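User: Hi, I have a protein to look at for class and I would like to go through it slowly with you. Could you put it up first?

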Amino acid sequence: MHWRLRFCPMKATSASRQSGARSSSRRAQTRVLSEMRLFFFGMGYSSRATARALHLLADPQIPVAGTTRSAEAAESEADSAYRIHVFDGEVPGTTLSEDLRAATHVILSIPPDERGDAALNLHRADLDAAP
């Protein structure tokens with residue numbers, strides 16, 4: 001099942017109906033956030049900024065995992081709130097399958113190369129198994 005946060009303007013209705021709609025919308029957003037598990041292919045500047053924003057603005061308990069190209073970069077993130085895996089785009093990442101298969105939202109922040117999309121080419125089965 002895939003969830004998306006959607007923000008829709010409400011039609012002018014009675015105050016009690018608006019309040020009930022807002023309450024229902026908040027419950028749906030809370031459910032989405034409590035079930036959200038993020039995986040970033042390419043945990044660079046933009047991905048880290050997005051993860052930080054979600055933790056600050058939505059819920060600090062949202063699980064975040066992602067990839068970096070080198071073991072050194074992964075080690076530099078060892079004390080962060082994120083689970084970092086090494087994925088260089090040449091061979092499948094050896095440690096990321098569990099987090100990728102559990103992800104409700106996958107964000108691709110690595111460019112394709114002459115062979116196409118490395119994440120899709122090397123981790124299609126994991127992506128297909130995700131909720």
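Predicted model: local features only at pLDDT ≥ 70, side-chain atom pairs only at ≥ 80, totals over all residues.

User: What share of the residues is buried?
Analyst: Of the 131 residues in the protein chain, 27% are buried, a word that here means under 20% relative accessible area, whereas exposed means over 50% and partly exposed lies in between (1.4 Å probe, protein chains only).

User: Let's take α2. Which of its residues are buried?
Analyst: Ser47, Ala51 and His55 are the buried residues of α2. Seen down the helix axis, they fall within an arc of 70°, so they line one face of α2; the arc is that of the directions from the helix axis to the C-beta atoms.

User: Why would residues a few places apart point the same way?
Analyst: An α-helix has 3.6 residues a turn, so residues three or four places apart point the same way.

User: And what covers that buried side, and what is on the face turned away from it?
Analyst: The cover over the buried residues of α2 includes β1 (38-41) and β2 (64-68), with contact meaning heavy atoms within 4.5 Å. On the face turned away from the buried side, α2 carries the exposed residues Tyr45, Ser46, Leu56 and Leu57.

User: Which residues make up the largest nonpolar core?
Analyst: That core has 10 residues, namely Met36, Leu38, Phe40, Met43, Ala51, Ile62, Val64, Ala74, Tyr82 and Ile84. A nonpolar core is a set of buried Ala, Val, Leu, Ile, Met, Phe, Trp, Tyr and Cys residues joined through side-chain atoms within 4.5 Å. A second, separate core of nine residues includes Phe39, Phe41, Ala65 and Leu96.

User: Changing topic, how many salt bridges does the structure hold?
Analyst: The structure holds five salt bridges, each being a side-chain nitrogen of Lys or Arg within 4 Å of a carboxyl oxygen of Asp or Glu. In one of them, the side chains of Arg48 and Glu77 meet at 3.7 Å, N to O. Arg48 lies in helix α2 and Glu77 in the loop between α3 (71-76) and β3 (83-86), so the pair ties together parts that are 29 residues apart in sequence.

User: Is Glu77 buried or exposed, and what about Arg48?
Analyst: Glu77 is buried, with a relative accessible area of 15%, while Arg48 counts as partly exposed at 23% relative accessibility.

User: Which residue does Arg83 meet in a salt bridge?
Analyst: Its side chain meets that of Asp99, at 2.7 Å, N to O. This pair links distant parts of the chain, since Arg83 is in strand β3 and Asp99 in helix α4 (residues 97-102), 16 residues apart.

Key
Residues numbered from 1 in each chain as written. Heavy atoms only, no water. Helix = DSSP H or I, 4+ residues; strand = E, 2+ residues; numbered from the N terminus.
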